[in-house]
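User: I would like to learn how to read a ligand site and a sheet. Where do we start?

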Amino acid sequence: MMSVISGETISAIATAPGRSGVAVVRVSGGGAFDVAKRLTGRSFSSADAGRFFYVKFYDDASSEGRNLLDDGLVLVFAAPHSYTGEDVVEFQTHGGSVTPRRILEATFSAGARLARRGEFTERAFMNGRLDLDQAEAVINLIDARTDRGADEALNSLGGFKGKEFASIYDGLLHTGSTIEHMLDFSEDELPGDWDEQLHAATLEYHSQISGALAKAREGKVLRDGVLVVLAGRPNVGKSSLLNALLGEKRAIVNERAGTTRDSIEDFMEVDGWPIRIVDTAGLRETDDVIEAEGVQRSEEFMAKADVILYLDDLSSDAFAYDGNVSKMIHVVTKCDKEGIPEKAAALKNAPYARICTSSVTGDGMDDLKAELVKMFRRLAATTSETPGADVTTRQCELLQIAQGAIEKALEALKVPEYVIAANEYHNAADAIGKIIGKVYSDDLLDAVFSRFCVGK
Ligand code: GDP
């Protein structure tokens, strides 16, 4: 393994800044126990692993003019049984902005240096405590916005996905090498059905990789959220529907500062899917100084939208929606009013879903949510990835490369072109290897670990 781990001892505040009862300062490296001794005056060793101690923290406990900083707990973990695989001490201090910072500064005087973003997790990876896939799951867990997103990340953290990838990786390498090896034999020395076996194995890899790709995409959607845009003529009931959908949760989940009225973007959750929901009417209202700009911004949102709810109270015969119908749901509003359900029922069948709703009675809200979830599932299965350093996007890209390579291998086997097939097998293995960190570069590690916060 590459030696990123110098003898340096690192420390950082592991908890979020701000007022809190407790803060954690985490120290990792060969000097962790020395740092703890300097702050507390007590000696620590591996024999203390798994225990915690109530102590007083000083800037330099053994000096005459020592300053008391706080009292709290020291938690001791000994290499290799710690998060990073190194000796680790964690100081639980009082929270707030001053005490944790003073304790952190004291660790610097004691020889530690400030950890880079994700450096604790990077060390865990380098020491074989986590594979790269699990490291990415850690950041997804931190970033998760809904329970379902967090569950998904936790699943990967258990190493399940990592193990799956590892077995695909080993299999691809093995099969690739077997093909190369077979090339050294003449045809009559080979088992009669080796072609079929190879073909079946390749199809199996293809389906495994496709399955993983679908899951990775769903993970991405779960983390980033889907953008749902409300559109339709003035007064069709957009604000009312938004309120009905958000329910009493609105006040809690509203991400924007200011009053509800100012807000054009809200955050909600349906079945664990995180949703950013934008009311384009709100856009125009808040921008009424320059109405044209409001219109342009609402068009931009429509273009970016994953799902468009086109609201229609059937007060006009014209169907004024001229966007992409594949991502549109036709929401008939005000269905509590006389004649509307009948009018809706009389509409022609269309290649999009149509749902009757009433923001007054709440009718149709469950149907609408169910339809949204159906669209999200479809979206998760087909979403195309924009390139970037984004961790899950990276996984999707690598899985796509692996999938492409296996498809080429299948083609090559048909010809048959065994050299090409073997080569594609190695390409696929290479891509999968990058996901779990069997094949990695400094750039890759930087891209992954720089996404973490300091202290993780
Ligand atoms: P927006 O301009 O599209 O945001 O529309 P609003 O939500 O402000 O609603 C316009 C008018 O329609 C208001 O007077 C609402 O009370 C009324 N309205 C909205 N939704 C419903 C509904 O489901 N049933 C009935 N009967 N009236 C509604």
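Analyst: Start with residue classes: Ala, Val, Leu, Ile, Met, Phe, Trp, Tyr, Cys and Pro count as nonpolar, Asp, Glu, Lys and Arg as charged, and the others, Gly among them, as polar. The shell around the ligand here has 3 nonpolar, 6 polar and 5 charged residues. This is a predicted model, in which local features need pLDDT of at least 70 and side-chain atom pairs pLDDT 80 or more, while totals for chains, interfaces and linings use all residues. Residues are numbered from 1 along each chain as its sequence is written, and side-chain values use heavy atoms, without hydrogens and water.

User: Which polar backbone atom is 2.8 Å from an oxygen atom of the ligand?

Analyst: That backbone atom belongs to Lys238. The protein buries 69% of the 580 Å² that the ligand exposes when taken alone (Shrake-Rupley method, 1.4 Å probe).

User: In what order do the strands of the sheet lie?

Analyst: Strands are DSSP runs of E, at least two residues, numbered from the N terminus; two of them pair if DSSP finds at least two bridges between them. Here 6 strands form an open sheet, β3-β4-β5-β2-β1-β6, with mixed pairing. At the edges, β3 (52-58) and β6 (113-114) each pair on one side only.

User: How do β4 and β5 run relative to each other, parallel or antiparallel?

Analyst: Strands β4 (residues 68-77) and β5 (residues 88-94) run antiparallel, joined by 5 bridges. Leu75 stands opposite Glu90 in β5.

Terms used:
A polar contact is a pair of N or O atoms within 3.5 Å; within protein, one must be able to donate a hydrogen and the other to accept it, and residues adjacent in sequence count only if both atoms are side-chain atoms. Helices (H or I, at least four residues) and strands (E, at least two) are DSSP runs, numbered from the N terminus.
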